Amino acid sequence: QVHLTESGGGLVQAGGSLRLSCAASGLTYRMGWFRQAPGKEREFVAAITVMTGNTYYADAVKGRFTISRDDAQNTLYLQMDKLEPGDTAVYSCGGDKRVQIPPSTPYTYWGQGTQVTVSS
């Protein structure tokens, strides 16, 4: 079993930055972030393969968001810069032990989510 706990959400003005954290217990092959805005489906944001460090991003966030992981702390991060009102959503950290799945595949294990609100 893998338990994930996010933190770091909040309210920020457009153009600002936030960093999300996800503390994990247990090991996974891949970890990542999804988000869900009101009235919309959950969408892939970014992912990282734990053993290789390979990263993957949705086109909407490429160049603005950076995913990283602290192996010693077993913690996942999402640095979000140049935030836009369209980034407003509940951000959820996920993890999966399955290998060779596309990075944007929804995960087996999820955190509770953290709200990010970007004002214009």
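Arginine 69 is in contact with Met31, Ile48, Val50, Asn74, Thr75 and Leu76, leaving aside its neighbours within four places in sequence. The model is predicted. In this model, arginine 69 is part of strand E7, which covers residues 65-70. A search of the whole structure also finds 1 disulfide, and this disulfide joins cysteine 22 to cysteine 93.

**Arginine 69: burial**

- The relative accessible area of arginine 69 is 17%.
- Arginine 69 counts as buried because its value of 17% falls under the 20% cut-off for buried residues.

**Arginine 69: polar contacts**

- The side chain of aspartate 71 makes a polar contact with the side chain of arginine 69, at 2.3 Å.
- A polar contact of 2.4 Å links the side chain of arginine 69 with the side chain of asparagine 74.
- Asn74 is also one of the residues listed as in contact with arginine 69.

**The disulfide**

- A disulfide is a covalent bond between the sulfur atoms of two cysteines.
- Between cysteine 22 and cysteine 93, the S to S distance is 2.0 Å.
- The link of cysteine 22 and cysteine 93 is left-handed, with -70 degrees about the S-S bond.
- Cysteine 22 sits in strand E3 (residues 18-25) and cysteine 93 in strand E9 (residues 89-96), so the pair ties together parts that are 71 residues apart in sequence.
- Both cysteine 22 and cysteine 93 are buried.

Notes
Residues are numbered from 1 along each chain as its sequence is written. This is a predicted model: local features need pLDDT of at least 70, side-chain atom pairs count only at pLDDT 80 or more; totals for chains, interfaces and linings use all residues. Side-chain values use heavy atoms; hydrogens and water are left out. Helices (H or I, at least four residues) and strands (E, at least two) are DSSP runs, numbered from the N terminus. Buried means under 20% relative accessible area, exposed over 50%, partly exposed in between (1.4 Å probe, protein chains only). A polar contact is a pair of N or O atoms within 3.5 Å; within protein, one must be able to donate a hydrogen and the other to accept it, and residues adjacent in sequence count only if both atoms are side-chain atoms. Contact means heavy atoms within 4.5 Å. A disulfide is a pair of cysteine sulfur atoms within 2.5 Å.
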